[in-house]
Amino acid sequence: MAKPAAPDFHQLESLGEDIKRYVLSILGNDLYPPDPFRYYSGLAYAIRERLIRMWLATQASYYDSMSKRVYYLSMEFLPGRFLMNYITNMGMEDGCRQAAADLGFSLDDLAEEERDAGLGNGGLGRLASCYMDSMATQRIPGYGYGILYDYGLFHQRIVNGWQEEEADNWRRHGSPWVIDRVEHLYEVKFYGRSEAYTDPQGVLRYRWAEADTVMAMPCDILIPGHGGKHVTNMRLWAAASSTGFSLRDFNQGDFLGAMQSKIHSENISKVLYPNDEPIQGKELRLRQQYFLVAATLRDIIRRHKKSGPGFDEFPDQVAIQLNDTHPTIAVAELMRILVDEEFLGWDEAWAICRRTFAYTNHTVLPEALETWPADLLGRVLPRHLEIIAEIDRRFLLEVAAAHPGDQGRQNRLAIIDPASRRVRMAHLAIVGSHKVNGVARLHSDILREKVFPEFDALYPGKFTNVTNGITPRRWLLQANPALSRLITARIGPDWTTDLDRLAELLPLAEDPDFRKDWRAAKRENKKRLARYVLRKSGMGINPDTLFDVQVKRMHEYKRQFLNVLHVVTLYNRLRRDPHLAVPPRTVLIGGKAAPGYFMAKRIIRLITAVAETVNADDAVRSRLRVVFLPNYCVSQAEKVIPAAELSQQISTAGMEASGTGNMKFALNGALTIGTLDGANIEIMEAVGRENIFIFGLTAKEVEATRAAGYDPGRRVAADAELAEALDMIGRGYFTPSEPDLFAPILDNLLRHGDYYLVTADYRACLEAQDAVNALYLDPEAWTAASIRNTANMGFFSSDRAVLEYAKNIWNIEPLGE
Ligand code: 8GP
C-alpha cells in the first residue's frame with residue numbers, strides 16, 4: 001500500500017488560512033503576538049473540521065452495510081494527545097508541517113501544547129484506545145463508550161522526593177476534539193424503589209418508581225483509522241442535572257442548597273477514580289458505572305430500533321464487550337429493559353443477554369475482583385438487585401442440577417456471596433456472557449485453572465484467550481519517526497497496517513550498514529529524551545550510556561523495588577571497583593502510585609533517595625545515573641519508549657495479566673529483561689530466547705515457593721550483596737536525616753514473608769543483568785538483537801487482536817473497502 005493520498009476534502013491549500021480564521025473566530029483571539037497554544041488550537045479546529053467531513057462521508061457506507069456492530073464499554077480510555085495521531089492517520093503530515101512553518105512555528109512545538117486526555121489509569125484504558133485505533137483502521141464497525149471525566153488521572157509532581165497529586169483539569173483551555181451532542185440527552189435513574197403492578201392482561205410486572213434522574217449528554221471523539229478511510233466514534237457521557245437548580249430554595253435565599261442537587265448529579269462525571277485496582281464500596285463509583293451502562297444501552301437500543309429488526313435479532317446486530325467487570329451492571333440493565341420495558345419473557349430476554357455480552361478479565365489479583373455490598377447496590381439500583389437475585393437463583397439451579405448436593409460449590413459460584421452478601425461482579429459477567437477472555441496466554445490459563453476452574457467445568461469452551469496488542473501507528477510510526485523512516489526506506493510502508501511485514505527486516509540484522517543506521521536512529525531518540533529530561537528536571541543525562549527503563553504504574557507486584565536493589569548493588573560494585581567492566585548506565589524509572597497506596601508511595605521516595613545519593617557521588621556518577629521521571633503519561637511514553645535500550649518487565653510471575661508496555665518497548669528495539677509473566681512469555685517465543693533476558697521463578701514455581709512457606713531471611717543470609725543492599729536501605733544510608741523511612745518496606749520483605757518474592761528472584765535478576773552488560777559491550781551483537789526484536793513483533797499489533805475478537809467473540813466481519 002502506498003502512502004495514503006490525502007482525499008480532496010482535506011484541502012491542505014487552505015489550511016494556513018483556516019488556522020488563522022479559527023484563532024480569530026473560535027478562540028476569539030488576536031493573531032499577534034503569535035502564541036503557540038492559540039495556533040495549536042487553531043490547527044486542531046482545522047483538523048477537526050476535516051475529520052467531521054470524513055466522518056460524515058464514511059458514515060453512509062457504515063449505515064448502508066447494515067452489518068453487526070460492536071460496542072466496547074469501558075470506564076477508561078487513555079488516548080493521550082490527538083493532534084499528531086490524527087495528522088499521521090489522515091496522511092496530512094507534510095501539509096501540516098508546511099502550514100505550521102508558514103505561520104512561523106514547528107509542527108512539533110505546536111503538538112507539545114496539547115494536554116493529554118488522561119481518562120484512564122494505565123494498561124486497561126490504554127488498551128481500549130489502541131483498540132479504537134485498530135477498529136477504525138481495520139474497518140470493524142463499532143463504537144467505544146465511556147465517561148467524559150472533567151478531571152482525568154491526577155498530575156504527579158515530585159516534591160522533596162515524594163509524590164504529590166494535582167487535579168488534572170484537562171479541558172480547562174477547551175478541547176477541540178470533543179463534539180458535544182446536546183441534542184441527544186438521555187435520562188438515567190437512581191435510587192427510588194421497585195414497584196410491582198398488574199398489567200391490563202393480568203400479568204405481574206415491575207417498574208422503577210420514585211427514582212432520581214440525571215441527564216447523560218453524549219460527547220463524541222472521532223477516531224480516524226490509518227489511511228483516513230474509516231472513522232470510529234468514541235462516545236463519552238457527561239452528566240448534567242435534570243432540574244438545573246431549585247428555584248424555590250434559591251428564592252428563599254439558600255443559594256448553596258439550590259445548587260445541591262445539580263452538584264450531586266454532575267459529580268458523576270467529575271473525576272476518574274485514580275486506582276489501578278477496583279474501588280470497593282464507593283457509592284459514587286457504582287453510580288458512575290451505572291451511568292455509563294444505562295446511557296449506552298439506551299443509545300444502542302435506539303439505534304437498533306431505528307434499523308428495523310426486533311429484539312430476537314438483537315444479538316445478530318449487537319455485540320457488547322465488557323472491558324473488565326466495571327460495566328457489568330449492563331447484564332442486569334439489559335434484562336430490566338427487555339423484561340420490564342419491552343415485556344419479553346425472562347427466558348427469551350436471558351438468551352438475548354447471553355448471546356450479546358462478552359467479558360474481558362484484566363487481572364488475577366484476588367483483591368482486585370470487584371464486589372458490591374448487596375444493600376448498597378439495592379439502595380442505588382433497587383430493581384437491579386432483584387434482577388441479579390433472580391439470575392443467581394436460576395443459575396444456582398443449573399449448578400445444583402450439574403452437581404447435586406454440592407452446597408459448597410453453589411456457595412463458591414453464587415453471584416451474591418451468601419456469607420458476605422456481596423455481589424461478585426465477575427460471576428455476574430461470566431454467567432451473563434457467551435465468552436470470557438484473558439489478555440495473554442498464561443493469564444487465560446490461570447483464569448481457567450486457578451481463578452475460575454468451576455466455571456470452566458460448568459461452561460466448557462466459554463473461556464478463551466486474546467493476547468493484547470498495541471497500535472503500531474502511535475507506538476512506532478508516530479512516536480519514533482527516526483526508526484520508522486529507516487524501516488520504510490528498506491521494506492516500504494505496508495508494515496503500518498500489516499505489522500507481520502516487519503519480519504522482512506530479519507536478514508538486515510546481518511548487515512553492518514543497516515545496523516549502523518539502526519544505532520543512529522536509537523541515538524537520535526536518546527538525544528531527544530535527554531533534552532526532554534533536561535527541560536523537565538534540569539538534569540543532564542548522557543546519550544552514550546545504556547538507557548535502562550521501567551515505566552508503569554507503581555505496584556508491589558511490578559517490583560520496582562527489585563529494580564532498586566539492582567541499582568544499589570551496581571552502585572556498591574562500582575564504588576568498590578571504579579574500573580569494573582560494565583557499560584555506563586542511566587536508569588530511568590517512572591510511574592504514578594494510587595494516592596492511597598502507602599507502600600507504592602514509599603517506593604517512589606526510595607527511588608528518589610537512591611537517585612539523589614548516586615547522582616551526587618563523584619566516584620560513580622559518570623558510570624551510573626538514576627532518574628525518576630515525574631508524571632508518566634502517554635505523551636511521555638512516546639518520548640521515553642523509542643529511546644529505551646533495556647525494558648524492565650520484572651513482575652512476580654503469574655501476577656501481570658499481560659502488560660502492553662513490554663510490547664511497545666520491544667517494537668521500538670529495546671531488549672527486554674523480564675520474568676516469565678503475562679505476554680513476556682509470548683514475546684520471548686516471538687523474538688527468540690537469545691534476544692531477551694529472562695530470569696526468575698515461573699508462575700508455577702512462585703505458587704510452589706509460597707505454598708512451601710518461603711523464608712526470605714535464609715535467602716538474605718546466604719547472599720552478601722543482597723544483605724548489604726537491604727541493610728543500606730534499612731539503616732538510612734540514602735536518607736541519613738530520616739533513617740527509618742524505609743523500615744515499612746523492609747518489614748514487608750523480611751517480617752511478612754516477602755509475598756512478591758523480591759528476594760527470591762534477586763540473584764537471578766543480577767545474573768540476567770550481567771548478561772545484559774556483556775552483550776551491550778558488543779554493540780554489533782546488541783544491535784542485531786535489537787533489530788530481531790522489532791522484526792518479530794508483528795503478532796503484537798492491536799490489528800491482530802481486534803480481528804481475533806471480531807472473528808472469535810463478536811462474530812463480525814470487517815467492512816470491505
Ligand atoms: C491491566 C493489567 O494489569 C495489565 O497486565 C494488562 O496488560 C492491561 O490491564 C491490559 O489488559 N489491568 C488494569 O489496568 C486494571 O485492571 N485496571 C483497572 C482497575 C482499573
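In what order do the six strands of the open sheet with parallel pairing lie? In this predicted model, the order is E20-E19-E18-E21-E22-E23. The two edge strands, E20 (624-629) and E23 (693-694), each pair on one side only.

Within that sheet, let us take a look at one pairing. Strand E21, residues 646-649, runs parallel to strand E22, residues 671-674, and four bridges join the two. Leu 646 stands opposite Leu 671 of E22. As background, strands of a sheet pair through backbone hydrogen bonds, and the pairing can be parallel or antiparallel.

Now for the whole protein. Its secondary structure comprises 33 helices and 23 strands. With 817 residues, the globule rule gives a radius of gyration of 28 Å; the protein has 27 Å, which is close to that, so it is as compact as a globular protein of that length. Along the principal axes, the C-alpha atoms fill a box of roughly 90 × 70 × 60 Å.

Here are some overall values for the protein:

| Property | Value |
|---|---|
| Residues that count as buried | 62% of 817 residues |
| Contacts between residues 24 or more positions apart | 77% of the contacts with a separation of 6 or more |
| Accessible surface belonging to carbon and sulfur atoms | 52% of about 30000 Å² |

The protein carries 96 positive and 105 negative side chains. How far apart do the centres of the two sets lie? They lie 1 Å apart.

How values were computed
Residues numbered from 1 in each chain as written. Predicted model: local features only at pLDDT ≥ 70, side-chain atom pairs only at ≥ 80, totals over all residues. Heavy atoms only, no water. Rg over C-alpha atoms; globule rule 2.2 N^0.38 Å. Buried < 20%, exposed > 50% of the residue type's maximum accessible area, 1.4 Å probe, protein only. Contact = heavy atoms within 4.5 Å. Areas by Shrake-Rupley, 256 points an atom, 1.4 Å probe, with all protein chains shown as cover. Lys, Arg positive; Asp, Glu negative; His and termini not counted. Charge placed at Lys NZ, Arg CZ, Asp CG, Glu CD. Pairing = 2+ DSSP bridges.
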